[in-house]
Amino acid sequence: MTLAEAHVLPAAHVGYTDGLKIKTYINSTTTPTATILFKGTIIGDDRAPVVADFSSPGPNYISPGILKPDILGPGVNILAAWPVSVENNTNTNSTFNIILGTSMSCPHLSGVAVLLKSSHPDWSPAAIKSAIMTTADVMKLALNPIEDECYVPANIFATGSGHVNPSRANHPGLVYDIKPEDYIPYLCGLNYTNRLVGFILQRKVNCSMESKIAEAQLNYPSFAIRFGRSQPISQTYTRLVTNVGEPVSSYVVEIVPPPGIDVLVEPSNLDFTEANQTLKYQVTFTRPESATNTTVYIQGYLKWNSGKYSVRTPIAVTLR
């Protein structure tokens, strides 16, 4: 990956391999010359998108039952408005800069969320997040898995659900919705004090009077499962999905289990008869006693497919 930066002198960044070629040329002649030609932005690189080395990876140590990151977004060499002139020109209104960072991905994804809210005013923040996550791209343009900065396939704690696809997110078919009150048993299940939960909710809460759920039971559009000495070898969680696609539609589950983990989804078919109808399914994750996994982190996914929509839910498993 090469970076675009604002330089005082005409300059360009090149990669390591190209740098070696340039040095070889310089050493091959007594009068080396160079010309910088701007041929415009090149699009369609079949290696794109790539997870940048500064991206914020998982796992989620604060709440391991919730997969993080959620999503990838554009964040490298982003050209956008800037409050001041980068060349210290006080007589111009053309104030732009080109920078990189998760601070660039955030406004991209925030903009996608706003677009979805304008298209679907009745969607909750959780429904919007679900639409973004379940429709994300997991393949680069070459139709191979998305890679990391070392150009090897990026794992689930680098990609989350994948790279945002705004057009597909506008028509997700199904969404995993979460109401504000659904977070109370989740927060209380984290064993936070009443004061901390109340601080988050901005009201008094008594967790001893509230139900509690396991982290992975929150109606999130992903699964993060842990198997270790303190966890049972079989765990079952439920999910609710709401039909925001065709009113009458049927979905069939497709499962790619994490290696060495058995995944059972019941029911295996979801039949909707109207718009905004909500149906429930449950997933049982089992680590057989004969499993011989040596990898700490493994991954898979389940996907609900209809004739028109494909709703993908990633699965991350931590083995201890």
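Two strands count as paired if DSSP finds at least two bridges between them. The strands themselves, like the helices, are DSSP runs numbered from the N terminus (at least two residues of E for a strand, at least four of H or I for a helix). What you're looking at is a predicted model, so local features need pLDDT of at least 70, side-chain atom pairs count only at pLDDT 80 or more, and totals for chains, interfaces and linings use all residues. Residues are numbered from 1 along each chain as its sequence is written, and side-chain values use heavy atoms, with hydrogens and water left out.

Let's begin with the sheet. Five strands make it up, in the order S4-S11-S10-S6-S8, and the sheet is open with mixed pairing. At its edges sit strand S4 (223-227) and strand S8 (269-272), each pairing on one side only. From one strand to the next, the twist averages 20 degrees (axes are lines fitted to C-alpha atoms, for helices over the stretch in contact, and angles run from 0 to 180 degrees between N-to-C directions). In general, strands of a sheet pair through backbone hydrogen bonds, either parallel or antiparallel. Here S4 and strand S11 (residues 310-319) run parallel, joined by five bridges. To find one of these contacts, look for Phe227: its bridge partner in S11 is Leu319.

Now for the cysteines. A disulfide is a covalent bond between the sulfur atoms of two cysteines, and the rule used here is a pair of cysteine sulfur atoms within 2.5 Å. By this rule there is one disulfide. Cys188 and Cys207 form it, with their sulfur atoms 2.1 Å apart. The link of Cys188 and Cys207 is left-handed, with -75 degrees about the S-S bond. Cys188 belongs to helix H6 (residues 183-189) and Cys207 to the loop between helix H7 (194-201) and S4, so the pair ties together parts that are 19 residues apart in sequence.

Are these two cysteines buried or exposed? Buried means under 20% relative accessible area, exposed means over 50%, and partly exposed is in between (1.4 Å probe, protein chains only). Cys188 is buried because its relative accessibility is 0%, and Cys207 is buried too, at 6%. Elsewhere, Cys106 is partly exposed at 47%, while Cys150 is exposed at 55%.

Finally, go to the segment before helix H1 (16-28), where you'll find Val14. Val14 is partly exposed, with a relative accessible area of 45%. Together with Ile22, Tyr25 and Ile26, Val14 forms a nonpolar patch on the surface.

Notes. Patch = residues over 30% accessible without salt bridge, like charges linked within 9 Å, V, L, I, M, F, W, Y side chains within 5 Å. Areas by Shrake-Rupley, 256 points an atom, 1.4 Å probe, with all protein chains shown as cover. Salt bridge = Lys/Arg side-chain N within 4 Å of Asp/Glu carboxyl O.
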